[in-house]
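Please keep the structure open while reading.

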Amino acid sequence: MSDSFKRNVSITGAEEFTNIKLGPRVTDAAGMLGVKEALKHGFKEMGVLRSMGALLKMNQKDGFDCPSCAWPDPEDRSPVAEYCENGAKALADEATTSHVGSTMFAKWTVEELSHLSDYELNKFGRLVEPLVLRPGSLHYEPITWQEAYGLIAKHLHKMDNPNEAIFYTSGRSSNEAAFTYGMFARALGTNNMPDCSNMCHESSGVALGETLGIGKGSTVLEDLYEAEVIIIAGQNPGTNHPRMMSALEKCKKNGGKIISINPLEEPGLVNFKNPQHLSGTLGSGVQMADLHLPVNINQDIPLMKLILKKLATLDTIDRSVFDHEFIEKYTTGYDAFLEDLARYDEGDLLRRAGVQESDVNKAVAMLRKSNRIIVCWAMGLTQHKNGVENIREFVNLLLLKGALGKPGAGTCPVRGHSNVQGDRSVGIQHFVDEELNERIKKHLQFDPPTKRGVDVVEAMEAMHNGKTKVFMCLGGNFLMAASDTQYTAEALQNCELTVQISTKLNRTHLVTGKTALILPTIGRSEKDEIDGTKRYFTVENSMGKVSQSKGILKPASDQVRSEPQIIAEMADAYFGGNHSVDWKAWSRDYDIIRDHIDKVAKGFEETSKRSEGHGYYLPNNVRNLDFSMLPGGKAQITINKLPDHRLAEDEFMLMTIRSHDQFNTTIYGLDDRYRGVYNERRVLFMNKKDMQELKLQKLDVIDITSEYDGKIRTAHKFLMVPYDIPRGNVAAYFPETNVLVPYNHFAERSQTPISKSVRVRIHKRQDAIVETA
Ligand SMILES: Nc1nc2c(c(=O)[nH]1)N[C@H]1C(S)=C(S)[C@@H](COP(=O)(O)OP(=O)(O)OC[C@H]3O[C@@H](n4cnc5c(=O)[nH]c(N)nc54)[C@H](O)[C@@H]3O)O[C@H]1N2
Ligand SMILES: Nc1nc2c(c(=O)[nH]1)N[C@H]1C(S)=C(S)[C@@H](COP(=O)(O)OP(=O)(O)OC[C@H]3O[C@@H](n4cnc5c(=O)[nH]c(N)nc54)[C@H](O)[C@@H]3O)O[C@H]1N2
Ligand SMILES: [Mo]
């Protein structure tokens, strides 16, 4: 193949409209409609029997962990329905009976496939046999597992140094798979382990590590029931963590109050009907948020500063507003913080936040007397230039109120992928951890690399600069998930070999290196057996609890293999039996892997035994108020500057968010019924008054551009939708708008792309679109 051969693939797929219908915003989060929706997806994708059987085992002690989000299971779980609409959709999507193999690829070239939408690609179904796309070819063709491993080993051996390989991880993998993968990368000699956290909760990890000494949350599920106030900032639980709603409901029943901080009034927080209760399926639902603060995008720090300033003023009169004993005993930085706070003008903070002062006063009144406070957050706080500072400012509130290390209080970063937290705990990280390296040396008897590896942004750059030969993905859809789609596509196409261990077809399988491999794997819901012996794996939920997951369905084909097995077999092929780790044994027996996890990963102990039943909690220093690892042995109250955005006159602030019918880049359907949009994803939500000013009508066709460092990026063909969003702010769905996010703009210290605050301009096109009835 000549070096100039590049496949002519589309990086966005069809940019065509799908017949939009605008309707009412259906504001009940679950209720009968949710159950119906869930079953509809299940029955269509996997048939009635397969879906009923699987749904009954999802999130049960003897069943499998839901493949959707990382929300924990309650101890008193419902014996029949411990799942939500979106969990059921995730299951239906994975356990679908539609399959895609070499016959389809013989018909379709990758170029042709790339013109389909992400929704259509996913609909092809499960990948069921190993496939190779050879240099110069446009068709994937079958390859045996042994040949595929041989090809990978050959490419890895050909590299000049181990840092020419990159190992990406998405957050669905089990602890066993992630550990094996991370140890293989290190055994090869690289810490190039970017993972989806880098685009997700990395800002939380950094902020919590800096202030509290552990990059994870401190609350357990029961804390939510006992909280006096729960703040939900930059998170849309009704869609993305629906099972969290049951916990919020319990909190409210116990007299707790909920404050939502979000530019949008997300329907799940307005009128929630719980499908797990009769009252929920029939009744009118519960008003979840007692107070909604419609903050401007990325103005959470000004809002928090205003709240803290008002609390500080009250504290000068009534010394019980802040917990002075706690501050004195456990924290440092209080005086400097107060001094800094005094510099801000309340009027200016209020103007930046864009909320009503009377509402701020209501929040202050709720917080004043409470000290059992929990802050929950997700991408609305992390994906900004100051993502780390955002979170530190909320931690300040908890520290000043002494709301840590006691029941009903603490930090609750609500994780995304179902095992993203576990993957990090067992060693998926691009940075060097000396202690971990010592344990690897001692127990696995090889020398792990000591040079920091690349994160997601640096991985894109390395590939783009031609420094990467082999790019391996344990799950995920790197092309569509990473920022700056055009740049990422060019980066991927520079590699010699790209390898995807996947369940479903996506665009990263089409925009590839010179050679590409698809290694199909079994899903969460499926039985994992070898020579008649059943295997199970473990996961860690959003609150640090490790438990077992056992699939029950027949795997998609007899060719698919489990993730740990694929990775260990790959490692075995590379080392050819010549390594201190017995990879062959790991590929067969996960108890062996777990024994090594116990020895090498911090906090894991007797995992095979203790993960049974309800599972076990990993240690968490914040729960015991142990801050000995931090400077001065104290939790850090921090000073965080105000965000600095210079919007040009004609610019808007765009947040790229999820619809109700997607899981990240997997598009289940084209509706977002909570926001009243049906059968279309190419929409831009804007305040009516802003639309009037721009002389834009409902459903006008527009292009969106962003301009950074003199470079203009364009997302073509979107439809205007008037929406209840603060002026100057706009919202659209990811991944379609990822073309606008510049790869080189990201959060300070966590390097998370600025997916929630992109400066954009709107340009009216001449195309006309008619809304269908
Ligand atoms: N069904 C379903 N479940 C999922 C996912 C999915 O795609 N589908 N994805 C999973 C993953 S990986 C993750 S990380 C989570 C994501 O869960 P979320 O973070 O809830 O997802 P987003 O849609 O990105 O929503 C971000 C929310 O933040 C708000 N927001 C945006 N900018 C700001 C801001 O500057 N300040 C404030 N206060 N709010 C802001 C938006 O209006 C929106 O409500 O969900 C997980 N669960
Ligand atoms: N603009 C913008 N960009 C974003 C975000 C945003 O809010 N805005 N959110 C970011 C966030 S929070 C995240 S977490 C990332 C997500 O980034 P990724 O994790 O890379 O993306 P996913 O869409 O979750 O990956 C879906 C693919 O994973 C594969 N898969 C599914 N289940 C399994 C499994 O069990 N095993 C294996 N091996 N493969 C499986 C399937 O092939 C499927 O197509 O995207 C980020 N990108
Ligand atoms: Mo995420």
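In this predicted model, ligand 2 is surrounded by 30 residues. Tyr168, Ser170, Ala481, Glu563 and Thr665 are the closest of them.

**Make-up of the shell**

- By residue class, the shell around ligand 2 consists of nine nonpolar, 16 polar and five charged residues.

**Polar pairs and cover of ligand 2**

- On the oxygen side, an oxygen atom of ligand 2 lies 2.6 Å from a polar side-chain atom of Tyr168.
- The side chain of Glu563 places an N or O atom 2.6 Å from a nitrogen atom of ligand 2.
- For Thr656, the distance between a side-chain N or O atom and a nitrogen atom of ligand 2 is 3.0 Å.
- Taken on its own, ligand 2 has 940 Å² of accessible area, and the protein covers 97% of this.

**Cys196**

- Cys196 sits in the loop that runs between helix H8 (175–188) and helix H9 (202–212).
- Is Cys196 buried or exposed? Its relative accessibility is 7%, so Cys196 counts as buried, the cut-off for that class being under 20%.
- Beyond neighbours within four places in sequence, Cys196 is in contact with Tyr168, Thr169, Ser170, Gly171, His417 and Val420.
- Ile231 is 35 residues away from Cys196 along the chain, and the C-alpha atoms of the two are 25 Å apart.

Methods: Residues are numbered from 1 along each chain as its sequence is written. Chains are lettered from A and ligands numbered from 1 in the order in which they are written. This is a predicted model: local features need pLDDT of at least 70, side-chain atom pairs count only at pLDDT 80 or more; totals for chains, interfaces and linings use all residues. Side-chain values use heavy atoms; hydrogens and water are left out. A residue is near a molecule or strand if one of its heavy atoms lies within 4 Å of it. A polar contact is a pair of N or O atoms within 3.5 Å; within protein, one must be able to donate a hydrogen and the other to accept it, and residues adjacent in sequence count only if both atoms are side-chain atoms. Accessible areas come from the Shrake-Rupley method with a 1.4 Å probe; for residues, only the protein chains shown count as cover. Ala, Val, Leu, Ile, Met, Phe, Trp, Tyr, Cys and Pro count as nonpolar, Asp, Glu, Lys and Arg as charged, and the others, Gly among them, as polar. Helices (H or I, at least four residues) and strands (E, at least two) are DSSP runs, numbered from the N terminus. Buried means under 20% relative accessible area, exposed over 50%, partly exposed in between (1.4 Å probe, protein chains only). Contact means heavy atoms within 4.5 Å.
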